[in-house]
Amino acid sequence: MKTDIEPTSSTAPPQDRARGTGRLGDKIFLGLSRGSGILLLAIMAAIAVFLTIRAISAISEDHGNFLTTFEWNTTSRPMVFGIAVLAYGTIVSSIIAMLIAVPIAVGIALFISHYAPRRLATPVAYVIDLLAAVPSIVYGLWGALFLVPHLTGLYQWLDDYLGWTKLFEYNDGAPRSLFTIGILLAIMIIPIVTSVSREVFRQVPQMHEEAALALGATRWEVVRMSVLPFGRSGIISASMLGLGRALGETMAVATVLSPSYDIVPSLLDPGGGTFAQNIAAHFKEADGPARDALIASGLVLFVITLLVNGAARLIIARRKEYSGAAA
Amino acid sequence: MSNAVIDKTELAGDAPRPALRQPRLPKWAPIGLALISAGLGCGIGVAGDLSSKVQWGLIAAALFVLISFALTAKVEGSRQAKDRLATSLIWVCFLLAVIPLVSLIWETIDRGSKVLDGYFLGHSMEGVQTILPGGGAYHAIIGTLEQVGIATAIAAPIGLLTAIYLVEYGRGRLAKAVTFFVDVMTGVPSIVAGLFILTFWIIILDFDYSGFAGAMALAILMMPIVVRSTEEMLKLVPNELREASLALGVPKWRTILKVVLPTAIGGIITGVMLAVARIAGESAPIVLLVFGAQGINNNPFEGAQSSLPYYVYEQWQLGNDASFNRAWAAALVLIAFVMILNLLARGIARWKAPKTGR
């Protein structure tokens, strides 16, 4: 650092030179850092462009309707494939995951921020973060070899009491179904939903809570009247981030689900598929055009996750502005 | 907290004021109720001949919530009952989240330790009959280390520079766009990143499957994570430090390199390590781009490799007991690797936490 300070003494020429190199260094550094920012944007654009190019060539060879065909037959010529089953499976399993995960995750976030004894709160937050670090393939292995055999009882029970809805009809067999996927995805997205909501709950102004307490509110009333209203948009965006994860999950679904190309009316029976699972399952046997068909389905997945994540981020950003909270 | 306040007023007052204090359940009530309902849950489970232990637990939880609600409503009034209901529901949420984690870790350690030994870590699957015990994950460990190493070498500098741009230079539209798309990029599914490299590198540029192709996809997944965490850390550096340095006539780029970065280095390293832990477990891009190999391939730039997550998937697909054992063992190695990275990263974060002067 000294070398930089010395040239700024009274002698003119070294000072000029120093300023010159400083500016040059600044220019290079600014160029590098701005360049990598632009590179990130370019990558996002390139993902969209390249996938679209391949997808267009695949769809032009599709002899079914890309949006409504159930089949995924890319080995025969002409190819007949459509994303109807995949879209259904992806959306249904993600919705099940959200229905299970969001209430639990919000509960855990409240537990950490408002309910747990201090000594418990930090380790719990830590454990939840570790849960997020477990690789998805390990969840998949655990789901397939441990969760699936342990769910038959529950499914039998659901069938006994809710079987008449047709939605929860269960015929014997390994329950490698969309509902199982939903449960597994829920376990996988709980950490992210929890950590984002926890951050929001922590920002609730202390004054609001104290005011409620001073009026004699119970702890639950404090949560309901000051914490949840403040954190609502935070919870929404947290759930959407979780939804983004659930939509794109590949390996856990590929290991657990037993896929088929029809829409099974019951959630508990095996069958169906998701975008990501279909790509992973078919990739090895796919030749050129079949690969393009998979890329086309990947593009749909990319667009969906992009919209969901973008919306979540916009909600977070807007909230930041009006609450005045940093970070 | 409200109750504590009431207690105090009661102590301070001279005359006993019973109206201020509602009858309350004793402090041990929740624990007692939990034990009772756990017992009842097991009892119903045994009596009703329910095979699944999960059901036992769920019945016990439901009983606990119901009994404590009813009892509190009777003794303490409905507002307190609602409070207690919420409290127990929130505790149930917490327990529900802990159960899968404990089960997952336990299963992995229990089943993984069967075949995990020096032989497993030191040998590949070359020439091993897949239905027989034997073989190992050496090739997969090599693959993971090389791919993750290359991905880090690509993503860490780019991520770091982008974060510096956003915090130190970024004003205006470009910075806003970068911030937004970095956030969105965090949500790009790993399989889509894999497909992108597939179209770009393998289909259009016509390269072959290799560890490097997988590493590029991993780098795409890693960049936004590094940017986010580094950005947070750089924002924590007090502005006074920058101003002091600039006031001494130090050019901005040297200020960043010599003052800002060293102050935040602990957090930056933590962020990079967490990102490494995150991508080490990614298998989807590896399936698409590295293609899996049974033998040892030390060269990430040519030919198929393997990686730990891919190895787990491959062994699971083989579908026999010997391969399941190998899958669990590899899963155990993977979890251990990720967890150690996590713990180290957090240790560094605590050790080198920037003093923000607050």
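This is a predicted model: local features need pLDDT of at least 70, side-chain atom pairs count only at pLDDT 80 or more; totals for chains, interfaces and linings use all residues.
Local features need pLDDT of at least 70, side-chain atom pairs count only at pLDDT 80 or more, and totals for chains, interfaces and linings use all residues. Residues are numbered from 1 along each chain as its sequence is written, chains are lettered from A in the order in which they are written, and side-chain values use heavy atoms, without hydrogens and water.

Start with the record. UniProt, in an unreviewed entry, places "transmembrane region" at residues 37-59, 79-112, 124-148, 177-197 and 293-316 of chain A. Such positions follow the numbering used here, feature names are shortened, and annotations may be inferred rather than shown by experiment. Residues 37-59 of chain A are 100% helix and 0% strand. Their end C-alpha atoms are 33 Å apart. Residues 79-112 of chain A are 85% helix and 6% strand, with end C-alpha atoms 53 Å apart. Helices (H or I, at least four residues) and strands (E, at least two) are DSSP runs, numbered from the N terminus.

The unreviewed entry also gives "domain: ABC transmembrane type-1" for residues 87-312 of chain A. This span is 77% helix and 0% strand. Its end C-alpha atoms lie 21 Å apart.

Within chain A, look at helices α3 (residues 84-115) and α4 (residues 118-133). They pack at about 145°, with axes 8 Å apart. Axes are lines fitted to C-alpha atoms, for helices over the stretch in contact, and angles run from 0 to 180 degrees between N-to-C directions. A:Ile108, A:Phe111 and A:Ile112 of α3(A) meet A:Leu120, A:Ala121, A:Val124, A:Ala125 and A:Ile128 of α4(A). Contact means heavy atoms within 4.5 Å.

Now turn to chain B. The contact takes 91 residues from chain A and 92 residues from chain B. The two chains bury about 8400 Å², 78% of it on carbon and sulfur atoms. Buried area is the accessible area (1.4 Å probe) that two parts lose on being put together, summed over both.

Two salt bridges cross this interface. The term means a side-chain nitrogen of Lys or Arg within 4 Å of a carboxyl oxygen of Asp or Glu. B:Arg79 pairs with A:Glu221, the closest N and O atoms being 2.8 Å apart. Helix α2 (residues 12-60) gives the most to chain A's side of the contact, with 22 residues.

Over all chains, the count is nine salt bridges. One of them joins B:Glu107 and B:Arg111 at 2.8 Å, N to O. These residues are four apart in helix α4 (residues 78-112) of chain B, so about one helical turn separates them.
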